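These are my notebook entries from an afternoon of looking things up.

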Amino acid sequence: MFEVKNICMIYDMNTDVKTYALKGFDLSLPEKGLIGIIGPSGSGKSTLMYCLSTLKTPTEGSIVYNGKELTSIGNAQRESLRRREFGFIFQKHYLVPYMTAMDNCLVAAMKKDAEVQKKAESFFQDLGLSQKEWHKKPAKLSGGQCQRVAIARAMINNPKVIFADEPTASLDHENAFNVMKILKKYSRERLVLVVTHDRSILQDADQIIEMWDGEISK
Amino acid sequence: MKSKLSAWTYVKNNKRTVAVLVTALALSFMAMYAVYVLLITTTESFEAVIVEMPKKVSYADLGNQAYGVLRDDYETYEEFKAVYDAKQEELIENLREHAGIDDALNTQVIRNTYQSVMGSYSFEVPLMEPERIPGFLEHVDAKLIDGAMPKEAGEVLIDETIMKNGSYKIGDWFQKDWFGETFRIVGSIRSKGLFSVGVPNGFSNNGWYIVVYNDETTTDLIGILRDMGIQLGDEDEVLDAKEYYKAYRKDVGEVIDSVLVTLFVIVMVFLAILVLVTYVSFMRNRVREYCLYASIGYGRGEIYDMMLREMAILFGFGTAAGLLISLGMAWVIHGFIIEPKGLIGHVVYGEQIFRILGTYLFLMGVLQIPVLFILQRIRTIDAIED
């Protein structure tokens, strides 16, 4: 699904001392499966995920997604891809504070009809959110519940790829385990990329990419 | 078709913030409208006197020089007076024969005052012998609606609106002045020009005037007098349609207009600051939300579109609420202030409503500056987390 060639990301391009977040490597990712990207802070794992998801453009190299070169497409195409084919779970849940859990989930939906509403309800049930929590605002939900709403939001359009950046960072062990179980389930049909520095959550990963100082170490 | 970002979600979930903005818009609308209703009633009320009255009656107070009669040319005052009176009588005869003039007479006047919300307007009430009054009423299309026709010296007929305005009733003394209680109201009349008329009491008046019963084709008394060889000087006073209107523009129109414009600008500046500050504050609180939208695939155009729709909803509600409470307030003002005071005014002033709507559209235009500024600050979440 993704073919990455010689990807390179340099920050502070205009200064004398350049910072290399990604140091030019190749990578191939399948159409489905749970892929873990692991590494310490500053290893470039999040940068890699943002480049793959079109949120960032690499300084050099090529990223081909389903035959499409992502580094040369325009903003509208990037937005369309993010909207239609990608789902995002950010480190902080980034729920809109004034919206209910349901509205937060539906905000990403391509359509907003009864069918999508039912789908969101089904996701919420699968994620263990009780009905009374569907209409609560994020301030009234626990960190784990917020993260589950964010997961439902990421899955609402059945994206081909879910990008999850430290999805369990703010969760206790039990909630972290549940979240990974959901992502594992989703990865049976689609690709789920999980960026983390916690190896324990990647027990069920189909592939683990270890990063170190902007390069793939394993 | 992909769905849009809903503008209603914010409105539904932020009732307090929305209520503050809507209330500010509605109250500002009401303030601008209520002030207009209160002040414009002065203009409208006085217009009845200024526009309608001279269509029927004009007044001229001419000095001897206007007739070309100079005191120095005569040895005695009696000689001078005899020539002056003859000239005056000749002029009156000429006026009576002029097309479009029903009658003219040399008579005394008193002044009547029409008190409005802002200021008052003074106009002439002719005094004449009782037998002349029916003719006067016929000329000015006035009808006696209550009381009786004046028969005795010092009896007056007052227009019903002016009676309401001055809280008079039949039998009351009219215009207590330094002579004491001088004129008694014996009846009320109704006419478009708010005319009043009375019988002289022999000692109280505001001067002698040639009262000209003109029609709408002969409202230019100054022109008519000049055509008749009258040389008008600074000491001569001619009150015809043009002069009435000139005085009205100077004493009423310009004052009211400037007060209205000043108040309008003050309210607008206050409102613009309030709306700008509130709007910028609530947009700044939502930058992360906009960043989320950008991250999950909404374009800046779609976010801008949502912002515009939210703004339209806020201004729509503010305008609708403002219009409703403004009309309610205008109705109250009309019922409790304008109508009981015998003033002329309306509840609905379309031009002011459109003026306020135009101002709100302009305000929405001004708000595009901070909106576009905020739009430029939208990044995707990776930039926030870096």
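I began with a definition: two strands pair if DSSP finds at least two bridges between them. I also noted that helices (H or I, at least four residues) and strands (E, at least two) are DSSP runs, numbered from the N terminus.

Before going further I recorded that this is a predicted model, in which local features need pLDDT of at least 70 and side-chain atom pairs count only at pLDDT 80 or more, while totals for chains, interfaces and linings use all residues. Residues are numbered from 1 along each chain as its sequence is written, and chains are lettered from A and ligands numbered from 1 in the order in which they are written.

**Entry 1: the sheet of chain B**

I looked up how β1 (residues 57–61) and β9 (residues 208–214) of chain B run together, and they pair in the antiparallel sense over four bridges. Within this pair, I found Val57(B) opposite Tyr213(B) of β9(B). Both strands belong to an open sheet of five, ordered β3-β2-β9-β1-β10 in chain B, with antiparallel pairing. I noted the general rule that strands of a sheet pair through backbone hydrogen bonds, either parallel or antiparallel.

Why is one side of β3(B) and of β10(B) left without a neighbour in the sheet? I found that β3 (120–126) and β10 (237–239) of chain B stand at the edges and have a single partner strand each, so one side of each has no neighbour there. From one strand to the next the twist averages 35°; for such angles, axes are lines fitted to C-alpha atoms, for helices over the stretch in contact, and angles run from 0 to 180 degrees between N-to-C directions. Across β2 (101–115) and β9 of chain B lies helix α3 (residues 77–97), which runs at about 95° to β2(B).

**Entry 2: two helices of chain B**

I then followed α7 (residues 241–284) and α10 (residues 350–376) of chain B, whose axes come within 10 Å and cross at roughly 30°. The crossing of α7(B) past α10(B) is right-handed (a crossing is left-handed if the near helix is turned anticlockwise from the far one by less than a right angle, and right-handed if clockwise). Residues making this contact include Met268(B), Ala272(B) and Val275(B) on α7(B), and Thr359(B), Leu363(B) and Val366(B) on α10(B); two residues are in contact if their C-beta atoms, placed from the backbone, lie within 7 Å.

**Entry 3: domains and the partner chain**

Chain B is divided into domain 1 (8–46 + 251–385) and domain 2 (52–240), with bounds that come from an automatic or database domain assignment. The C-alpha centres of these two domains of chain B lie 51 Å apart, and 12 residues of domain 1 are in contact with 10 residues of domain 2. On the domain 1 side of this contact in chain B, α2(B) gives the most, with six residues.

Between the chains, I found 18 residues of chain B in contact with 21 residues of chain A. The largest share of the chain B side, four residues, comes from α8(B), and that side has five nonpolar, eight polar and five charged residues.

**Entry 4: single residues of chain A**

Most residues other than glycine have a negative phi. Tyr94(A), however, is not a glycine and has a positive phi of about 50°; this residue is in the loop between β6 and α3 (101–106) of chain A, and it is buried, with 22 other C-beta atoms within 10 Å. Glu166(A) also has a positive phi, near 45°, and lies in the loop between β7 (161–165) and α7 (173–186) of chain A. Glu166(A) is buried, with 20 other C-beta atoms within 10 Å.

Notes: Ala, Val, Leu, Ile, Met, Phe, Trp, Tyr, Cys and Pro count as nonpolar, Asp, Glu, Lys and Arg as charged, and the others, Gly among them, as polar. A residue is buried if 20 or more other C-beta atoms lie within 10 Å of its own, exposed if 12 or fewer, and partly exposed in between; C-beta atoms are placed from the backbone.
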